[in-house]
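I opened my notebook to record what I looked up, entry by entry. The structure comes first, and my notes follow.

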Amino acid sequence: MELGIDRDNYISVDPRTKMLLLVVFTLIGFRSTDIWIHCGMFTVMVLLMINGRLFAKAAKMFVVFALTLVMDHFADVLIPGGAQAVHIVAKMIRLFMPAIMGFSVMISTVKVSEFIAAFERMHLPDEVTIPFSVMFRFFPTIKEEWNDIRSAMAFRGLGFTMKNLLLRTSLIYECSFVPLLADTALIADELSAAALCRGLGANKKRTYMADVRLRPVDFLLVTVAVLLTVFEFVL
Amino acid sequence: MKEKKLQTKDLVMAGAFAVLYVGIMMILATVLAFIPGLILLTPLVAGIILGPVYHLYLSKVPKNGAVLILALLTGLTMITSSIFVLVYLLVLGVIAQIILIRTDYSAKGIAASYYVMAMDGIGPLVMIYIGKQALLESFASYYGEAYAEKMDKLTPTWSLLVLFALALAGAFIGNRLGAKMNAKHFRKAGVA
């Protein structure tokens, strides 16, 4: 399966570790209100992003996170009455950040070949491995197609404006969904042709170019995840 | 006899459609969550919108296990909200799969199984009923006390039945739309 991402990470981190971090961080992120835990998760994720050369995204996330801290810190001083609302907004943003960052790390820094290698190392059957890998490969593609469809609709005066959404709901629905579904089906056909060329359909044991194994970094990251979990649930 | 075993081609297709299915459901749940009452409409809206996705997917991959994979992927993506969601979705997937096998993937069978699968729109809301107290506390800390109180009033246990009814209504409309879209566009264009 060809992948548009050809970035190499500075230090290779096993995809399984990233997946574990994504799951654990989302779990904790959605329930924890502790600022230190959120800071810890944020640091790990930003380091992973920088490691995967996602500099612009890491910078953006850093600014957003810093802003929420600033909002929390100064809300009480500056806006005596409406401080509560500001705190809620800051918390809401922090709530979603580990999940969003984890997803973009998964999607943009893991190659499909690494994915499949890691999954097969775990001795999972093809029925799980292939759909799962395709899924992560597909999120950016669908997003791109969706933007193209939206701009094509806007050219023809059927943009996603409030007025159109309310008055021409069924037309909007049909004009966006039919191409979206057709695109998905066609791209998936092409993708499976590419996958077959790479011998994914053959019932033989495959060899891998991707060098996937657990290294010291992985154990370090897993330890951090465990520590954060312990802090959240025990202390 | 038609081949009913999943090929690599079908697995790729399953992954692609799962992205649409899961992505749309997640976006809906997140968007609707901003207003307390609206999140309860997720089963209805998801049922309507996902109908065509489901119909096209099954007309492309009428194989044993196709729905199960869809349920598994959806469940795994939603697992972050609760482990029960995965179990719940797998149960739905198995039932839907049995219906499909019994009806030999006919149009009617697809529609019937969608009534079951559309219940997955309740998945993101399951937490409201299972861990109500914990959830209300976290709502209170995140969205404020007012939101939590409204949420509490809106979701007595019997309202779960309303959610199921909404999901069924959504599936009914979704089925109509799915069948219509397949006939009007995809079969003509050679996609389905």
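Where is the place of A:Ile11 in chain A? I found A:Ile11 in the segment before helix 1 (15-31) of chain A, where helices are DSSP runs of H or I with at least four residues, numbered from the N terminus.

I noted that this is a predicted model, in which local features need pLDDT of at least 70 and side-chain atom pairs count only at pLDDT 80 or more, while totals for chains, interfaces and linings use all residues. Residues are numbered from 1 along each chain as its sequence is written, chains are lettered from A and ligands numbered from 1 in the order in which they are written, and side-chain values use heavy atoms, with hydrogens and water left out.

Next I looked up the domains of chain A, whose bounds come from an automatic or database domain assignment: domain 1 covers 15-111 + 212-233, and domain 2 covers 115-197. Their centres, taken over C-alpha atoms, are 27 Å apart. The contact (heavy atoms within 4.5 Å) takes 9 residues from domain 1 of chain A and 9 residues from domain 2 of chain A.

Last, I turned to chain B, where the buried residues of helix 5 (residues 107-117) include B:Gly109, B:Ile110 and B:Tyr114. I saw that the buried residues of this helix pack against several helices of chain B, among them helix 1 (8-32) and helix 9 (159-189).

Conventions: Buried < 20%, exposed > 50% of the residue type's maximum accessible area, 1.4 Å probe, protein only. Helix = DSSP H or I, 4+ residues; strand = E, 2+ residues; numbered from the N terminus.
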